[in-house]
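Have a look at the model below before we start.

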Amino acid sequence: METFPSVKNILLLDSEGKRVAVKYYSDGWPTLSAKLAFEKSVFAKTQKANAGTDEIVMFDGQIVVYKFIQDLHFFVTGGEEENELILASVLQGFSDAVERLLKNMVDKRTALENLDLILLCLDEIVDGGIVLETEGREIAEKVSGHGSEGASSAEQTLVNALTQAREHLAKSLLM
């Protein structure tokens with residue numbers, strides 16, 4: 001049986017381990033408190049890492065790849081049977097896309113101001129845990145709309161509606 005590359009979650013945390021954007025694709029953490037406890041634990045475990053390099057760690061039966069950029073901590077988690085290189089390419093694609101979309105101003109404040117774009121990135125990278133795209137440039141183009149020349153007007157309307165909904169949600173979360 002052939003399986004597709006998959007991830008269990010993608011986390012974007014700040015320098016204190018608090019959520020900026022997270023997405024879970026597995027039932028391994030059924031409650032909010034279980035998710036928050038995992039985030040706190042993985043943050044604590046990776047605190048001593050070198051900020052600019054990609055790192056891989058086995059944690060709680062999971063493979064976690066991570067990278068720090070300024071005051072943001074990027075994490076991608078997969079099962080222990082998952083290929084580390086695929087998880088690392090998901091991490092690289094996510095961080096590259098975020099850097100492109102935030103115009104190299106990768107910090108918590110800019111990320112929160114553009115939370116809608118970051119959440120759309122997550123949707124472009126993984127769907128239901130299955131890896132769809134790992135190329136940062138492609139992800140950023142799809143999210144920003146530059147890659148949508150071939151999209152129908154109905155698809156564009158849907159993308160615009162989702163973008164507005166995410167902006168509204170981001171604003172309401174920041175208040």
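**Labels and their cut-offs**

Leaving out neighbours within four places in sequence, Val143 is in contact (heavy atoms within 4.5 Å) with Leu101, Leu117, Leu120, Cys121 and Glu124. This is a predicted model, in which local features need pLDDT of at least 70, side-chain atom pairs count only at pLDDT 80 or more, and totals for chains, interfaces and linings use all residues. Residues are numbered from 1 along each chain as its sequence is written, and side-chain values use heavy atoms, with hydrogens and water left out.

Q: Why is Val143 called buried?
A: Buried means under 20% relative accessible area (1.4 Å probe, protein chains only). Val143 has 8%, so the label buried applies.

Q: How do you know that the length of α2 agrees with its 18 residues?
A: The expected span of a helix is 1.5 Å times one less than its number of residues. For α2 that should be 26 Å, and its end C-alpha atoms are 26 Å apart, so the two agree.

Q: What makes the contact of α2 with α4 nonpolar, polar or charged by class?
A: Val90, Phe94, Ala97, Val98 and Leu101 in α2 meet Leu117, Ile118, Cys121, Leu122 and Ile125 in α4. Ala, Val, Leu, Ile, Met, Phe, Trp, Tyr, Cys and Pro count as nonpolar, Asp, Glu, Lys and Arg as charged, and the others, Gly among them, as polar. The contact therefore has 10 nonpolar, no polar and no charged residues.

Key
Helix = DSSP H or I, 4+ residues; strand = E, 2+ residues; numbered from the N terminus. Buried < 20%, exposed > 50% of the residue type's maximum accessible area, 1.4 Å probe, protein only.
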